[in-house]
Amino acid sequence: MAHVDNSADVAVDEKPDPASALRPSTVDKAPALAPGSGGKRTGDKVFSGFSTAAGISILILLASVFTFLLISSGNVLITPGDELAEQVGFARGKTFWQFAGVTVFGTLLAALIALVIAVPFAVGIALFISHFAPRKLASGLGYVIDLLAAIPSVVFGLWGMWTLEPLMRPIFTWISSVLTPVFKFLSGAPIKESGEVVGWEGGLPGLKYAAQNWDWWPLAHDAAQFVPPARNILMGGVILAIMILPIITSLAREVFLQTPRLQEEASLALGATRWEMIKMVVIPHGRSGIVSASMLGLGRALGETMALLMVLSPGLEINFKLMSPGQHSTIASQIALRFPEASGIESDFLIALGLILFVITFVVNFIARAIVARYAEFSGANA
């Protein structure tokens, strides 16, 4: 019986297929998760849920604060003004809306004074740090500016009341001596006999009529009159300017540092000086950022309490006598001053003032965030 050798056939069958090396192997590989298939890992689910809850909690907190203010101030908003003026002693016979108008005017006036003083200094400091100072000096100065923002407002109030106020008296005296004759020439001055006004002296047509009939006229003869001590709204604005200076400086510095380097070098290569490069490239590129930084600083100034409470002699007037004490007051300082001794309808009265301040601050910050978003959308950094 003949023996048949099948070894050749076995060897042929065991030869590897050359094409199989080009095909991807599917052995010992976990199936990939398709996007949107719902097969998220546990860590992704936990992180997503935590982030969502954190975002929703902010909205809930904001809504709860607004609801509390609205409910607590409901009695004040529906009570007739004359009745409310009799029940609230510190209102000095004013209705709620009259009192609120006076304090809103003082709040906005102090904040605007702070912006006028702080913004030029903040932009100058930011430009020095970003484009002029050596690197080591710039980093150290930036650290000091950021540290200034961490100082409590009560410390600024103490420093302003005991140190800055005596230093500002000669400056206010000089400003008053320069501006008072100018205002008297423009609007004239009353002629008094035995404390009563019997006539009017000087003044230009139109301006004279405004000074005679409008108590809030900003060019009145005594608008720049300084009455020591310097516990006036201008002093409060100076303190607020120092407090918001770090905020505006830090944001403006970051905006200036985002200016495209190629544009700066191109302007210098075309023969521009350092100042011309900053004027034509850096400042136009950062204009929206400067505005947004100023708006954020304004939001801080609107809600400031202790510093103004300590340096400002409060009053309930609507005028532009910036260097006279006992003329103006702010919402936050009135709440801090009156709330410890308030009860009943007086507490609701102050809470209603807080509601107005909440709305004003929310609107200012909303506008600021809109400007920031617009700047981010059209910034060259996003290209």
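**Close-up views of a predicted model**

**View 1. L353 and its partners.** Setting aside neighbours within four places in sequence, L353 is in contact (heavy atoms within 4.5 Å) with F96, F99, A100, T103, I331 and I335. This is a predicted model, with residues numbered from 1 along each chain as its sequence is written. Local features need pLDDT of at least 70, side-chain atom pairs count only at pLDDT 80 or more, totals for chains, interfaces and linings use all residues, and side-chain values use heavy atoms, leaving out hydrogens and water.

**View 2. The largest nonpolar core.** A nonpolar core is a set of buried Ala, Val, Leu, Ile, Met, Phe, Trp, Tyr and Cys residues joined through side-chain atoms within 4.5 Å; buried means under 20% relative accessible area, exposed over 50%, and partly exposed in between (1.4 Å probe, protein chains only). Of the 77 residues in the largest core, F96, F172, I239, I248, F256, F349 and L353 touch the most other members. Helix α5 (residues 96-132) gives the most to this core, with 18 residues. Helices (H or I, at least four residues) and strands (E, at least two) are DSSP runs, numbered from the N terminus.

**View 3. E264, buried or exposed?** Look for E264 in helix α10 (residues 261-269). E264 is buried, because its relative accessible area is 6%. Beyond its neighbours within four places in sequence, E264 has contacts with H131, F256, T259, M277, V281 and V282.

**View 4. Helix α12 from end to end.** Residues 287-302 make up α12, which has 16 residues and reaches 23 Å from its first C-alpha to its last. That is close to the 22 Å expected at 1.5 Å a residue, where the expected span is 1.5 Å times one less than the number of residues. Among the buried residues of α12 are I290, M295, L298 and L302.

View 5. The elements giving two or more residues are α2 (42-72), α3 (74-78) and α15 (345-378), and α15 gives the most, with 5 residues. L77 sits in helix α3 and is partly exposed, because its relative accessible area is 36%.
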